[in-house]
Each structure stands twice: as C-alpha cells, then as structure tokens.
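I opened the notebook to record what I looked up in this structure. The entries follow the order in which I went through it.

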4 protein chains.
Amino acid sequence: MADKIRGVFAPVPTPFNDDGSIDEGGWRKNLRLWRASPLDGIVIAGSNGELPFLSLEERVRLTKIAGEEAAGSLYIMSGAHFPVTDDAARAAEALSAAGADGVLLLPPHYYKGKEEMLLRYFQDVADASPAPVFLYNMPANTGVDIGIDVIREAAKHPNIRGIKDTSGDMTKLGYTVLCTPESFSTFGGTGNWFLAALSMGACGGTMAISILFPRSCKMLYEAFLAGRMEEAAALQKRLLPVSDAITRRFGVPGLKHALEAYGMAGGRCRKPLLPLPKKDAETLMSVIKASGLDEYETWRKA
Amino acid sequence: MADKIRGVFAPVPTPFNDDGSIDEGGWRKNLRLWRASPLDGIVIAGSNGELPFLSLEERVRLTKIAGEEAAGSLYIMSGAHFPVTDDAARAAEALSAAGADGVLLLPPHYYKGKEEMLLRYFQDVADASPAPVFLYNMPANTGVDIGIDVIREAAKHPNIRGIKDTSGDMTKLGYTVLCTPESFSTFGGTGNWFLAALSMGACGGTMAISILFPRSCKMLYEAFLAGRMEEAAALQKRLLPVSDAITRRFGVPGLKHALEAYGMAGGRCRKPLLPLPKKDAETLMSVIKASGLDEYETWRKA
Amino acid sequence: MADKIRGVFAPVPTPFNDDGSIDEGGWRKNLRLWRASPLDGIVIAGSNGELPFLSLEERVRLTKIAGEEAAGSLYIMSGAHFPVTDDAARAAEALSAAGADGVLLLPPHYYKGKEEMLLRYFQDVADASPAPVFLYNMPANTGVDIGIDVIREAAKHPNIRGIKDTSGDMTKLGYTVLCTPESFSTFGGTGNWFLAALSMGACGGTMAISILFPRSCKMLYEAFLAGRMEEAAALQKRLLPVSDAITRRFGVPGLKHALEAYGMAGGRCRKPLLPLPKKDAETLMSVIKASGLDEYETWRKA
Amino acid sequence: MADKIRGVFAPVPTPFNDDGSIDEGGWRKNLRLWRASPLDGIVIAGSNGELPFLSLEERVRLTKIAGEEAAGSLYIMSGAHFPVTDDAARAAEALSAAGADGVLLLPPHYYKGKEEMLLRYFQDVADASPAPVFLYNMPANTGVDIGIDVIREAAKHPNIRGIKDTSGDMTKLGYTVLCTPESFSTFGGTGNWFLAALSMGACGGTMAISILFPRSCKMLYEAFLAGRMEEAAALQKRLLPVSDAITRRFGVPGLKHALEAYGMAGGRCRKPLLPLPKKDAETLMSVIKASGLDEYETWRKA
C-alpha cells in the first residue's frame, strides 16, 4: 500500500480569462510558483476551484497541465464529483489518466438521502477510480454533513484513502482519526483552525490560506510535529484572520483578488459569483497586511 | 401581457430505461394520460424530474416530446437551472425553442451568497429567456431559501412571472402575494398543504400528488374557488398522507414506484438515488389505498 | 366530556408598572376591554405574557383577577410551564384553583431530550392538573419542536385536550388534526397564517393580533366557517403584516407599544427585554395604520 | 487586577436524594474527593448541575458548603443565570456573599433577541456582581450562540473576566483569544476537544470529564504547556469517547450513573430528566473501561 498522504495542500482557484475561458498561461504561472513553495500538494476543482462550474474536459485539462508543470513535486488531487454516480466514476477514470495522484469526492447532496446513498456513491466511484479517493466534507456548501458511520464504513474500502473535512466539528474529526486505518489521511479543511485539527490527530490540512502563504502553513505544521507549541500557536493566531477573510468572509472572489494582488493569476469568477466590492477588497488587503505573514514567505523572492 | 398562469401543475418524473437512458415511449404514454386528466400543466426537469441528473440535451428532448403530445392542452414548464449563469441562460433559450411555455429556475446554491447574487442570476436568465421565468424555491434540496426581498425585486422584471415555493413558510407565501404584481403567479409547492397555500393567496399548486391524483387536486382547487370549504378541507385531509409519502417520506424512488403501480412509466432513478426498499413500498401503497383518492380519478378509465 | 374548545384566543401580555411589579389596575382595564370584544378566550402567561419572567404567585394572581373580571365570558387559559416537572404540576393545581379553565404547557427544553422525556412531562402534569392541559409548541423560543409522535401519544391522555402550535409547519398541523381525537383542539399559533391553519383543520387560533384586533380575527373565523372565502382571504391579507409586526419583527416590546397606543395597559417589559427603539415604533404604527383593520373594531367605541 | 484564571475546571453535578432534595452529605463527600484531585476549580450550577432546576437558595447552599470544604484549594464558580436580569444580578450578589470566587452567566435565551439584549444583560449583572463574571456559551441547550461582537464588547467590562465556550466553533474561539484582553480567560467547554481549544489559545477547560478523570485532563494540560505534543495528543484520543459519552450521548443521567459507579454521589436527576436506560448504562461503562483512563487517576487511592 502506498505511503500515507500528509502535509499542506492548497485547494487552488481556477484562473479564468475575461471571456470565461480558462487562463492556461496563468495556470502554468501559478503552478510554477506553488512548485517553488513548500507545498506538499494541490487540490484542483475543489470549492475554490469553482468545481460546480467546471466541465469534465476542463478538469482534465487543468490536471494535465498540472502534471506537466509539477508532477513529482506536488501531489495532484482533482475533484471528481458529479451529481450522477456514473459521471463521477468516469471523471475519476479520466482524471487519473490525466495525471491525478488522487481524486476528491463530494457526497451527493441535492437529494438529502440516507447514509446508505452516500456510502454507495463513494464505494461505486472508488471501485472505478484508478487513483485513490479522498472524501470531501463541505457542509457549508452542500448542506450535507458526512456522518462518522459513513466515514468509518467508507474507510474500509481499499481505494478510499482519506478525507478533507471542513465542518469544523472537532468531535467528529477526533472520531475520524480513531475509527479509520492508520493509513487513512484526515485533513483539516481550513487554515482557521489548522493547529486544532493537527492536535486532534489530523495528518495535514488542505486550506485556502496555503495558496498564498504556504510557508507560514508549513512552518506551523513542522513546529507542531517538533513540539514547538508556542511557535505553532503564534502562527495559528496570525493565520486565522487571513484564512477567515479569504474563505468565509469574502469567498472565492476574495481569494482571487488577493491572488492578483500578489502577482498570481486569478481573474474573475464565473457568474453567478460576483466580483469583490471595492470596500471588501480594501478590508481584505488590510487584514492580510496586518497579519505580518509576508515575512515568512521567502520562497516568493526566488 | 399574457394571462396569469393558474391551476394545478404536475412536477413530473423522468422515466428511465434500465440502461439509464430516457424511456421516450414511457414518456409519451405518461403525457397522453396527463393530457386526458384535469391537469393545467406539467413541470419538466424539476426535482421529481431529477433535474441535477439531466443534461440540457435531455431536457430539450423531453420538452419537444411534451410539445408533440400535449401542446395546447398542458402548459409546459421546463427546468432551466444550471450552476453557471450563462449555461442557465442558454438553457432557457433552448427550452423555449423546444416548446416550453415557461421555464423554472432554482437559485444558485453551492456558494451561499448574498441576495444580490440570487437576484442577478434570476434577472440575467430572465433577460435571455424568450419564455417567462418562474422562480423555484426548494430549500430542502438547495439549502437556500429565497428571501422576500429577492422575490419582490425579481418580480419587477417583466419576464419573471411567478414562483413555485415549497418552503412551507406561510408568512413568506402571504408576503409574496402581497408584494408582487397581480399578474405574478404564486404556486404552493406541495400537496401537503395545497389548501393552506390557496387560502394565503396562491393561485395554484405544482405538486407531486397531482401526477397521480390530478382530479382530486383539481376538485380541491375548484371547491376552494367556489367557497365549498368543507369539501375542500375534506379533500386536503385525504391528500396530505399520500402527498407526504411520495415526497418527503419516500422521495422520487417512492413516487416512481407508485407510478409503476398505476401502469405509468417510472423506471429506476439514476444513481446515486437508490430503489425504494420493499418494506417502504408496502407502506407507501397502503397509505395510498387508505386515502380513498382513487374514487375521484375517473379520467383513468377513459 | 366537556365541549371542544374553539375560536379566537388572545395570548395577552402582562402589564408592568415602572418598578417592575404587575400593574393590576391596567390588567383589570384590559380584561374589561377584551370581555367586551368578540374574543372567545385569553391565554395568560404565554410568550407574550413573559412567562419565563413570572413567578407562580404572579401567574396565580393574574388568573384570579381574570376570573373576577371575565369568568364565564372568556375561557381563561394559564401558562403552567416550569422547568421541573413537579413545579409544573403544582402550578397546574394552583392555577386551576385560581380559576383557570385550562392550562398551557411548554415542553421541557433546556436539555434537548428524547421524545420520551417530553411525553412523560406532559403526562405527569396532566395527571396532576384539575384543568385540562393544552400543549404549547413554540420552537422559535424553545428550540424544541414537539413531534407528531409525541402529540399523537399525548392526545390519548384524557386530560390533554389540545395544542397551540406556532411552528408554522402545515404538514404537522394537518397530521395533528388527523391523528388526534375529534375533541382535541388544534389552534394555530399566529395571525400570520390563521386562515391557512383553519384550512388544514385547526379549530381556532391563539394569536397576538387578536389582542388588538379581535373582531377582525373573529370575522375571518366566521367567514371561513360560512364558506365566504373571498372575505376570509381578504381579511388574512390585512392581518398578515400587522400580526408579523407585533410578533416576529418587533416582539413583545412592539406588542406592548401598540397596546399603549390604543389606550390599553402595556408598560415596559421586564429586563433583559429592551424597549422598542423609536424608529421601530414608527414603522410598527404605520404598518397598523396601513392595514385598515381599525374599521372593523367597532366594539372599542362601546 | 487579579491573576488570570486558568487550568482544569469541573462543571459538577448536583447530587439529589430520592425525595428530590439536595444530598448535602454526598455533596461534601464529592467536594473532598475533588479537593484531593489535581482540579483547579469547580463550576456549581452549570448545565451538569441542572441549573434550570435549582433555586437561588439551593445554589447559595451548594456554594457555601463548597467554600467550607474546598475554599482556597479549588476556585469556586457558581451559576448565576436567571431569566430576569434583576434576578441574575441578585443571584450574583448572593453567590459572591456565599463564597463564590466567580459567577457563570448564560445569555438570555427564551426571547431570541438582538445582540444588544445579550450585551446589556451581561453588563448589568457584571455591574452588580462582587465576584468576576464568566460568560457561558452553551448553544446546544440555549439555542443562542453568543457572537464574537458581543464577546468583544463584554470583555471590555472590568468585571467580565472570561468565557466558557462549548460551541466547538474553533474560528470563534480563536477570535475570542485575539480580541479580548490578555487577562480574559477563554475556557474550552468540553473534553471532546480540550487539546484543540488549547491549541487555539484557550487557557484551560471546564469539562465534564474532569469530574471523573481530573488527573488525565491535567496531564494533557501540562503536556501541552510543556510542548510534549505526542503525549497530549495520545491523552486527547483517550478522553474523546469518554467525554462524549458523559455529555452529548448520555447527558447528565449518564454522568451521574458513572459518578455512582466510582463511589461518588450522583443520585437521580430531577424530572423531567429520566434515568439512564440499562442498555445505555452498559455502553457507557464499557466506553469508560476501554479508555484506560483509570490508570492515571492515582489520586483516588489517596
């Protein structure tokens, strides 16, 4: 069995041109920057990547380019969720073929079904997927909170290898670690409480803030592993307001605005998402500046 | 301006063959039955129609066939929602061209945005749509409850002509009637409380139970309009348990099971939706039998 | 068995003096006015009565005075809820002795327990209470929504004779009527959707708006019973904004402000409830004026 | 200004005799045991103490006895919440006079008011209270989640000195630490995620599991402070299932059952709380046994 996946993962946005097409040049530019950073991996076509707005062809293309730019340097996880089970299974196949090291899978969520429906969906896609499957619990967006019984059962499938959990339910995060195999990867899903997730047994985080501040996140991770808790806690305090600003407060439009401010490719979101109002943009940039995180991001100069 | 749309609308399921393709023969059979019934209209590609599982091509095909079988007899409303605004706009165009008399539009819901995002989405699609647009409020599935301020503003658009509201919030339903133009159609979204919706000012209902028991629903509607409240209330009491069973309790799989039991075309749902367990099927059929609604459905014999 | 309780009930506020004591003179004045109105009954120590702020002694006193002023003219229902079962049972005894014709009972709600806890509480108090018990479902305040299974079981107790349901869940209201004995009284709990509740089988309403506009409410009720649905629906449209303003929008402080404006005794709420801000007071009074309900309240001149 | 309060606090249950009166002998026995343990303090008349069921006289008596048995050894915090502001203020005075080192204060919660109502309530009671006030955020029971804006403002009051937050919202916990003075104590409210709370900057925990396993909790706390994260994380894994069992899963009846099993005084809960079903009791005790926490509780032998 492959090694357990760990570390700091960036759930990256999809840069669009003004006409709504994917900005492939910008995508390559971003990938080269992330490759030069201490990131362990990226997540393509997650919520920041505007997954419900991306066709399979687009996800495959993004994944292929990511492989060309960063295979071997970054673990590449690609979002395979589609509402119909068979579509998700075919997506998992296509993304694996395109170079994805793993695929991320939201639960079915339009019909709020029984736990059995969730479990079957995960198992069916995992049966079909060449690449290992990671569950993606995102109740704020889906309205579905994957329960611990589903996680426990799903983790018995040899091709279901982890979960990204953004729910913030530390009790469930702790139970997830307790009731899944040692090789199962439990990732905290936001930088707002990365250190809390690690303290409950998570083996890493996939979090928006690592898109812009990967070294800060990695320093926190390594300080935790080394038992330098004061350093880790101090970093967590700095991460929180920035992480919160580019996720819950200002959403993907906020994240993309910040990306552009750092010279990376963001572009507009696809509609119905609206551009960040100017006043919010100013608040966001002042939160970032006040955090002082820039001083840690030495890789940018390289 | 066209006449106000009123009456009893059936949000019909999409019949599938065992291989997952659309059962066109079954679809035509069902359409002929509904056309012979007292229904005023049908809704294609709503929640019972498994809308998140249908491509635009499939929705267009279903709409075309419906036009062939029932144009002029039934008002044909087709679901135009897609997550990206431009896709929904193109869907509205294509469905109108295929013969839809109106299009139904869920709000954007993966990103839980501000009211402005919802309003813009509705307006943008209404700008593009040849057919009038009806809002579709379905918070149990989307996690988004369209607020009264959005409804009031949206109703000012000349091409936004009504709403199907399943939320069950009678206060909001009442306000909707109060704050929209006289020509705006407010439909109750379930047979569980059709009479309550009418009493709050709704001009009709689009409700699963009318798929199977259209005459019972129409009798209630006409009894209400004629002030025969005892008759209307007695019918409402009979409708409630059946309506509840084929929606909230047993979902689309339950609805399709009942359809098959009445000799109509249902078939399996697309996965991840699972077939109705046998025990649930027995409960469902006994609820239907106990209701005594069959006695009203005289059109079936025709 | 006693006759079924029906009609229009006013869940009346408790008038306080500036020093926080009960304004007994004002209470008597209000009672005489309600007695001259078409009201069928009043509810003392409900949510508008600031029940969590009233001692048993105060509730007994309010009930005694109500009996002195209005026994025989108004059905007197008094709130017997206390967090401890034995306290509620003793309250039911004392309020019955003080002249209450019925007692109203919230479910236990600090500890969100199993249905069994709710059922036992209702049954234990009903065992002890000389006066019949009416359940009081008020999830917006308690965070507990009494489920249909608890209602069905509780209704089997010979001394549990009805429910006031403010939840607005029309499906549950309909089931309540279906699964309780004919003698069980199901009251809608707000004037926002009084007609909807009646159409689902409710036998009356206990609603804040009837405190100020009892004749408007009674006219709606009688129009419904007589099948004059256009008149009933027109009244419902007028009631909605006023009802909503003195409950959900502006709360008990709003209700008391309006009472004072009509020359009745309201006074301040007990703290922590705060007085209505001036701007809200103006909005409230303009909503009332715009409704035109005053024209129906001819009893006031008497 | 007094030193900042920190460490491990036990929110202890109130032992009752079979007749429902307080078991003072049992209370003294428990206090002596806790005093011999590594606990830093206790919370009287919190949720485990059945606070909504306790009169002011009972809370004063419990506090007085606690002072007699443990003053100087344990920090004594007593629950001062009553629904009326003035009652809570008088409770804070009486509990302070009875020996409470601090008082704990739920927000008003029957009327779900604006933030201003919460803030005023806290400030009014803090004005009156000789002992410092600690906010008590318990949304699972109250239905009210004290927001960060209220916390920030309340923390400016010189006599509001901390918060016990059980919400589990790590983002808010992190912000609480960031936006309150250094002397303000932020306590995690459950042992389910004690280490997560510490990692976000909490200065301690008040948690049910420390009633039975104070040394295990204190070891975790000290391991965290010393940077021995592997030890701390291993302890957290052991604590989680036990903590969860005596709180969310089996409630106060479960906690009291476990207390009795360890030879401490628990007794029955006051009704409406029901005794723990036998099957649940077995599950609970097997969860405790499987945790292996007993090995750390060496103080029990003393």
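This is a predicted model: local features need pLDDT of at least 70, side-chain atom pairs count only at pLDDT 80 or more; totals for chains, interfaces and linings use all residues.

Residues are numbered from 1 along each chain as its sequence is written, chains are lettered from A and ligands numbered from 1 in the order in which they are written, and side-chain values use heavy atoms, with hydrogens and water left out.

**Entry: chain copies**

I began with how the copies sit. Two copies of a chain are related by a rotation about an axis and a shift along it. I then looked up contacts (heavy atoms within 4.5 Å).

Which chains do not touch? Chain A does not touch chain C, and their nearest C-alpha atoms are 19 Å apart. Chain B and chain D do not touch either, with 19 Å between their nearest C-alpha atoms.

I took strands as DSSP runs of E with at least two residues and helices as runs of H or I with at least four, both numbered from the N terminus. Two strands count as paired if DSSP finds at least two bridges between them. Strands of a sheet pair through backbone hydrogen bonds, either parallel or antiparallel. In chain B, eight strands form a closed barrel in the order 1-2-3-4-5-6-7-8, with parallel pairing. From one strand to the next the twist averages 25°, where axes are lines fitted to C-alpha atoms (for helices, over the stretch in contact) and angles run from 0 to 180 degrees between N-to-C directions.

Strand 4 (residues 102-105) and strand 5 (residues 133-137) of chain B run parallel and are joined by three bridges. L104(B) has F134(B) in strand 5 of chain B as its bridge partner.

**Entry: backbone exceptions**

Most residues other than glycine have a negative phi, and most peptide bonds are trans. I noted exceptions to both. The bond from K271(B) to P272(B) is cis, with omega near 20°. P272(B) is in the loop between helix 12 (251-261) and helix 13 (278-291) of chain B. In chain D, the bond from K271(D) to P272(D) is also cis, with omega near 25°, and P272(D) is in the loop between helix 12 (251-261) and helix 13 (278-291) of that chain.

For accessibility I used a 1.4 Å probe and protein chains only: buried is under 20% relative accessible area, exposed is over 50%, and partly exposed is in between. A45(C) is not a glycine, yet has a positive phi of about 60°. A45(C) lies in the loop between strand 2 (41-44) and helix 2 (56-70) of chain C and is buried, at 2% relative accessibility. E50(D), not a glycine either, has a positive phi of about 60°. E50(D) lies in the loop between strand 2 (41-44) and helix 2 (56-70) of chain D and is buried at 0%.

**Entry: T14(D)**

What does T14(D) touch, leaving out residues up to four places away in sequence? The list is I22(D), N48(D), G49(D), E50(D), L54(D), L62(D), K256(D) and G266(D). T14(D) is in the loop between strand 1 (7-11) and helix 1 (24-36) of chain D and is buried, at 2% relative accessibility.

**Entry: cysteines**

C269(A) is buried at 13% relative accessibility, and C269(D) is buried at 13%.

**Entry: aromatic pairs**

Rings of Phe, Tyr and Trp (its six-membered ring) pair if their centres lie within 6.5 Å; planes under 30 degrees apart are stacked, over 60 edge-to-face, and the rest tilted. The structure holds 38 aromatic pairs over all chains. W27(C) and W34(C) are edge-to-face, at 6.2 Å centre to centre with 70° between the planes, and both are buried.
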